[in-house]
Amino acid sequence: MRLKTILNRIDPLEGFVFDEMRLLGRPGDLRIEIDVRPRERCKPVCSGCGVRAGCYDTLPTRRLQYVPLWGIAVFFLYAMRRVCCRSCGIKVETVPFVEGKKHVCRTFERFLAAWAKTLSWKQTATLFRTNWRTVFRAVQSAVTWGRAHLVVGDVGVIGVDELSCGRGQKYLTVVYQLDAGARRLLWVGRDRTKATISGFFDWLGPTASSGIRAVCSDLWKPFLTVVAKRASAAVHVLDPFHIAMKLSEATDKVRREEVHRLRAKGQEPILKDSRWCLLRRPKNRTKKDKIKLQDLLQYNLRSVRCMLLRWQFDAFWKYRSATWAGRFLDDWCRTVNRSRIEPLKKVVRTLQSHRGYLLAWIRLKAAGGIPTGAVEGFNNKARVMTRRAYGFRSREIMEVALYHALGKLPEPFVTHRFW
Ligand SMILES: [Zn+2]
């Protein structure tokens with residue numbers, strides 16, 4: 001069996017034929033070159049209007065990288081023709097196996113984009129004998145195609161979050177769809193202004209916007225006003241994830257203050273290395289954390305009291321009835337207010353002023369509308385992306401990476417899956 005037979009089976013090129021094939025180079029740096037030529041009497045297609053026209057001339061041969069075979073780099077060698085089109089004049093032809101002036105075949109781009117979901121872009125590039133930029137362009141093409149062919153359908157529950165990217169105050173606003181069976185990243189916008197979130201509703205369109213039942217986000221004023229205007233049927237709910245962040249911040253602040261106070265008194269540094277044992281969820285505590293906590297419990301520390309109160313609050317999210325949840329909330333707030341822990345009392349004030357949004361979350365969950373930890377799950381994944389994708393300084397690259405990893409975008413039909 002020849003290579004040509006396999007290629008014709010897995011990736012046939014309409015209007016073109018595979019010609020000579022050569023194995024070149026030395027062991028360790030081998031490459032396969034495959035000549036591609038147009039089928040006889042098959043006229044080139046004008047890139048301007050997509051109509052077949054007469055051949056004008058032929059451009060120099062181009063090397064187009066293809067999917068490697070057994071770790072050997074593969075190249076198609078093809079000389080583009082120019083057409084003499086009636087409506088467009090002299091134009092370069094358009095061919096099915098490569099896009100525009102790229103040096104990479106479409107099939108190889110899809111192959112790279114598919115691997116870039118599992119591996120980092122850098123790893124993908126090294127493994128398949130290409131460079132980072134090529135992988136980025138491949139992913140970008142996949143995202144552009146996917147976004148253009150995306151069918152949004154009905155959107156019931158959305159979650160809005162923000163991601164800081166790179167140094168400086170640069171933000172991306174991300175919108176997730178949280179409906180059961182369709183959990184995905186829906187949209188990414190730059191900054192976090194009223195205009196940003198209006199951009200999302202513009203993209204979604206008025207019909208789908210009016211179908212949104214619930215919006216899950218943090219306490220962000222400009223956002224609340226836009227939602228009220230553009231998705232008037234939606235209930236606004238406060239996400240557990242954002243409350244947990246506020247509680248963690250408060251716990252950490254109490255700990256830091258206490259460290260300073262103890263140091264000023266000249267007491268031994270009891271709280272040294274205690275950050276994570278105080279902040280980690282009880283179920284995630286390591287053995288070391290538990291030993292440290294046992295140690296801390298001997299002292300009457302404000303940090304420990306704060307931590308206990310903070311984890312006590314988690315019970316709130318488990319309620320099924322908004323009435324009982326409301327009672328729990330009020331009780332908890334009273335306890336905290338008596339505790340004289342100022343940073344936590346500040347959180348209490350926020351919770352009390354948004355009591356309605358918190359209870360709305362309980363009602364929505366009881367109606368089966370929202371999964372606990374959905375926004376948190378997405379946020380974690382997105383952060384892993386930002387960390388893994390070093391060199392993602394530009395927001396454009398970041399957007400592409402996020403859509404690719406979390407967007408569940410449709411993919412074009414392929415005759416053969418190489419991955
Ligand atoms: Zn034309």
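Two strands count as paired when DSSP finds at least two bridges between them. Keep that in mind while looking at this predicted model, and start with one such pair. In strand β10, valine 235 is the bridge partner of alanine 214. Alanine 214 opens strand β9, residues 214-217, and β9 and β10 run parallel, linked by 4 bridges.

Now zoom out from that pair. Both strands belong to an open sheet of 5 strands with mixed pairing, and the order across it is β8-β7-β6-β9-β10. At the edges sit β8 (182-190) and β10 (235-238), each pairing on one side only. Going from one strand to the next, the twist averages 25°. A helix also packs on this sheet: α5, residues 194-204, touches β7 (171-179) and β8, and its direction makes about 130° with that of β8.

Where they touch, 7 residues of domain 2 are in contact with 6 residues of domain 3. On the domain 2 side, helix α15 (residues 374-388) gives the largest share, 3 residues. Sorted by class, that side has 3 nonpolar, 2 polar and 2 charged residues.

Is aspartate 273 buried or exposed? Aspartate 273 is exposed, because there are 9 other C-beta atoms within 10 Å, and 12 or fewer counts as exposed.

Which strand runs parallel to β4? That one is β2 (residues 29-38), joined to β4 by 5 bridges. Within this pairing, aspartate 35 stands opposite leucine 77 of β4. Strand β3 (residues 54-69) pairs with β4 too, in the antiparallel sense and over 11 bridges. Here aspartate 57 is found opposite arginine 82 of β4. The hairpin of β3 and β4 has 2 residues between the strands, and in it tryptophan 70 takes a positive phi near 50°.

Then comes β5 (residues 89-92), antiparallel to β4 with 4 bridges between them. A hairpin of 3 residues joins β4 to β5. Arginine 82 turns up again in this pairing, standing opposite valine 92 in β5.

The axes of α2 (residues 106-115) and α4 (residues 132-148) come within 8 Å, crossing at roughly 95°. That angle is why α2 is described as roughly perpendicular to α4. From α2, the contact involves Glu109, Arg110, Leu112 and Ala113, which meet Thr134, Val135, Ala138, Val139, Ser141 and Ala142 of α4. By class, the residues of this contact are 6 nonpolar, 2 polar and 2 charged.

How values were computed. Residues numbered from 1 in each chain as written. Predicted model: local features only at pLDDT ≥ 70, side-chain atom pairs only at ≥ 80, totals over all residues. Contact = placed C-beta atoms within 7 Å. Nonpolar A, V, L, I, M, F, W, Y, C, P; charged D, E, K, R; others polar. Axes fitted to C-alpha atoms, helices over the stretch in contact; angles between N-to-C directions. Buried ≥ 20, exposed ≤ 12 C-beta atoms within 10 Å, placed from the backbone. Parallel < 35°, antiparallel > 145°, perpendicular 65-115°, else oblique.
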